[in-house]
Amino acid sequence: MSYLQLNNILTPNQFGFREKYSTYRPMAIVKIIYPLSKAIDKNMFTLGVFIDLSKAFDTIDHKILLEKLAAYGIRGTAHERICSYLNCRKQYVQIASSKSELTTIIACGVPQGSVLGPLLFLLYIS
């Protein structure tokens, strides 16, 4: 994380999944509302496009993610470890005492419920 911050890799406009940033605090809303209000005051047309990325963590292509990490300067041992972390993982879903079958993830998705998963998602969408 310190490498990403030091090299300004994550955009300051990304509020989810980041320490001291929040989608619940007014920061994200103010970033949207303020410029829209100024535009409306100037009788300019305004438009907002909001996208809900349903199951977004499941759609991340490993090959593209690893290429982006290399482009961000994450290479060598760190890159190899992330590749190993993503490669042929197994997962299941549990609700109360009911568990699904164990499934191997081959080429897409990042682990949910992990510390690294949200960070890899942010790097993927940057």
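Me: In this predicted model, which residues of H3 are buried?
Reply: The model is predicted. Buried means under 20% relative accessible area. In H3, the buried residues are His62, Leu65, Leu66 and Leu69.

Me: Within what arc do the buried residues of H3 fall, seen down the axis?
Reply: The residues in question are His62, Leu65, Leu66 and Leu69. They line one face of H3, because seen down the axis they fall within an arc of 95°.

Me: What covers the buried residues of H3, and which exposed residues sit on the face turned away?
Reply: The cover includes H4, strand S4 (103-105) and H5. Exposed means over 50% relative accessible area. On the face of H3 turned away from its buried side, the exposed residues are Lys63 and Ala71.

Me: How are H3 and H4 oriented to each other?
Reply: H3 spans residues 62-71 and H4 spans residues 76-86. Their axes come within 11 Å and cross at roughly 165°. Angles over 145 degrees count as roughly antiparallel. H3 and H4 are therefore roughly antiparallel.

Me: What is the handedness of the crossing of H3 and H4?
Reply: The two axes cross at roughly 165°. The crossing of H3 and H4 is right-handed.

Me: Where do the buried residues of H4 lie around the helix?
Reply: The buried residues of H4 are His79, Ile82 and Leu86. Seen down the axis of H4, they fall within an arc of 65°, so they line one face of the helix.

Me: What covers the buried residues of H4, and which exposed residues are on the face turned away?
Reply: The cover of the buried residues includes H3, strand S1 (89-91) and H5. The face of H4 turned away from its buried side carries exposed Thr77, Glu80, Arg81 and Ser84.

Me: Which residue just after H4 takes a positive phi?
Reply: H4 covers residues 76-86. Just after H4, a phi of about 50° is found at Cys88.

Me: How is H3 oriented to H5?
Reply: H5 covers residues 116-125. The axes of H3 and H5 come within 9 Å and cross at roughly 80°. Angles of 65 to 115 degrees count as roughly perpendicular. That makes H3 roughly perpendicular to H5.

Me: Which residues of H5 contact H3, and how many residues of the contact are charged?
Reply: H3 brings Ile64, Leu65, Lys68 and Leu69, while H5 brings Leu120, Leu123 and Tyr124. The residues of this contact divide into six nonpolar, no polar and, as charged, one.

Me: Is Leu116 buried or partly exposed?
Reply: Leu116 lies in helix H5. Its C-alpha atom is separated by 9.3 Å from that of Ile82, 34 residues apart along the chain. The cut-off for buried is under 20% relative accessible area, and for exposed over 50%. With a relative accessible area of 27%, Leu116 is partly exposed.

Me: In what order do the elements of the protein chain run?
Reply: The secondary structure comes to five helices and four strands. From the N terminus on, the order is α-α-α-α-β-β-β-β-α.

Notes:
Residues numbered from 1 in each chain as written. Predicted model: local features only at pLDDT ≥ 70, side-chain atom pairs only at ≥ 80, totals over all residues. Heavy atoms only, no water. Axes fitted to C-alpha atoms, helices over the stretch in contact; angles between N-to-C directions. Helix = DSSP H or I, 4+ residues; strand = E, 2+ residues; numbered from the N terminus. Parallel < 35°, antiparallel > 145°, perpendicular 65-115°, else oblique. Left-handed = near helix turned anticlockwise from the far one by under 90°. Contact = heavy atoms within 4.5 Å. Nonpolar A, V, L, I, M, F, W, Y, C, P; charged D, E, K, R; others polar. Buried < 20%, exposed > 50% of the residue type's maximum accessible area, 1.4 Å probe, protein only. Arc of directions from axis to C-beta.
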